[in-house]
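Colleague: I would like to learn how to read this structure step by step. Could you take me through it?

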Amino acid sequence: MYLVQTAHPQFLGLLLGCLAWIFVMITTGLNEWRLWYLDVGNTSVITSGVAWVGIWRACFYSHVLAKVENCQSISIAAPFAPAEIPVAQVLMMLAVVAGLVANICGAVAMRLVYFSVADRRNMRLVFVLAGMLYLLTSGLCLVPLLWNINSVAKNNTIDFPQEFQLPSAPVRQQIGSAIGVGIFASVLSLISGLLFLSYRYVCRSLRSQEPRDTGEPVLGPQTKTSLANPENHGRDNPAYLSEDVS
C-alpha cells in the first residue's frame, strides 16, 4: 500500500476543518445570538418588535429614528454585559486563531503524506497536533454557545444603558441563527479532530524502519550491479533472494 492511500479520511478532515473555521468566523461576526421579542406598545422606538443581541452589538429596526437599522457596540469591558458575553468574545476569537493554526498543521500533515515519504519521524506528531487543535477549536466555540443557550432558556435579563434604547427584559427570548451556525461549526471541527487523531499508519510503520517486500513496487534510488559471470545474465540472484526471505 502506498503512503498516500492511508490518508484519504484525513484529507476529508482537512476540508471539513476549513469549512468549520469559516463557519466559526461567521458565527463570531453575526448579531443574531439572541432574539428579543418586545412589546411594541411599550417601546415606541423599536417598531419591529424584535431586537438582535450578539456578542459585539445589539441591533433593532426602527421606522421612527433617522436610521432604519440601529446598532450599539458591546465592548469587552462593558459593565452592563453579563458574563457570558465578554467570555464569548474572548473564546470565539481564540477559536478563530486555533482553527487557523489547526488548518495550517493539517495542510502540513497532508504535505508530508503526499510529498515526503522518506522522513516519517515527525509525521505522526503533526497529525496529532492538528487533531488536538481541531478539538480545541470545537471546545472553544461550543462553550459560549451552550452558555448563551442556557441564558436564553432562563430568559436572563441585560441591563442595557439608556443609549441602547432597549428594555432590560424582553417578553420572551429565542435562540438566534448564529448559535445554530456555531454548533454546526463545532461538530465539523470535532469530526476533523477525530479523523486526524485516528491516523495510525505512521505509528505502525515506525516500528520497522526497514522496508519489507510486500509484492508491490517500491520507489527508491537505483543501483547498478556488475555480474561476475556473464552466463548469469537474466537469472535470479540467489543471494538477493535469500536476503529477502530472511
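Modeller: Helices (H or I, at least four residues) and strands (E, at least two) are DSSP runs, numbered from the N terminus. Residues are numbered from 1 along each chain as its sequence is written. This is a predicted model, where local features need pLDDT of at least 70 and side-chain atom pairs count only at pLDDT 80 or more, while totals for chains, interfaces and linings use all residues; side-chain values use heavy atoms, with hydrogens and water left out.

Colleague: Which helices do the buried residues of H1 pack against?

Modeller: The buried residues of H1 include Gln-10, Leu-14 and Val-24. Contact here means heavy atoms within 4.5 Å. The packing partners of these buried residues are helix H2 (84-115), helix H3 (123-153) and helix H4 (177-197).

Colleague: How far apart are the end C-alpha atoms of helix H1?

Modeller: The expected span of a helix is 1.5 Å times one less than its number of residues. For the 22 residues of helix H1 (residues 8-29), that should give 32 Å. The model agrees, as the end C-alpha atoms are apart by 33 Å.

Colleague: Which residue in E2 is the bridge partner of Tyr-37?

Modeller: Two strands pair if DSSP finds at least two bridges between them. Strand E1 (residues 34-37) and E2 run antiparallel, joined by four bridges. In E2, Val-50 and Trp-52 point one way and Ala-51 and Val-53 the other way, and all are buried. The partner of Tyr-37 is Val-50.

Colleague: Which residue in E3 stands opposite Val-53?

Modeller: A hairpin of three residues joins E2 to E3. E2 and strand E3 (residues 57-61) pair in the antiparallel sense, over three bridges. Opposite Val-53 stands Ala-58.

Colleague: Is the ring pair of Phe-127 and Tyr-199 stacked or tilted?

Modeller: Rings of Phe, Tyr and Trp (its six-membered ring) pair if their centres lie within 6.5 Å; planes under 30 degrees apart count as stacked, over 60 as edge-to-face and the rest as tilted. This rule gives nine aromatic pairs. The ring centres of Phe-127 and Tyr-199 are 4.1 Å apart with planes at 20 degrees, so the pair is stacked.

Methods: Buried < 20%, exposed > 50% of the residue type's maximum accessible area, 1.4 Å probe, protein only.
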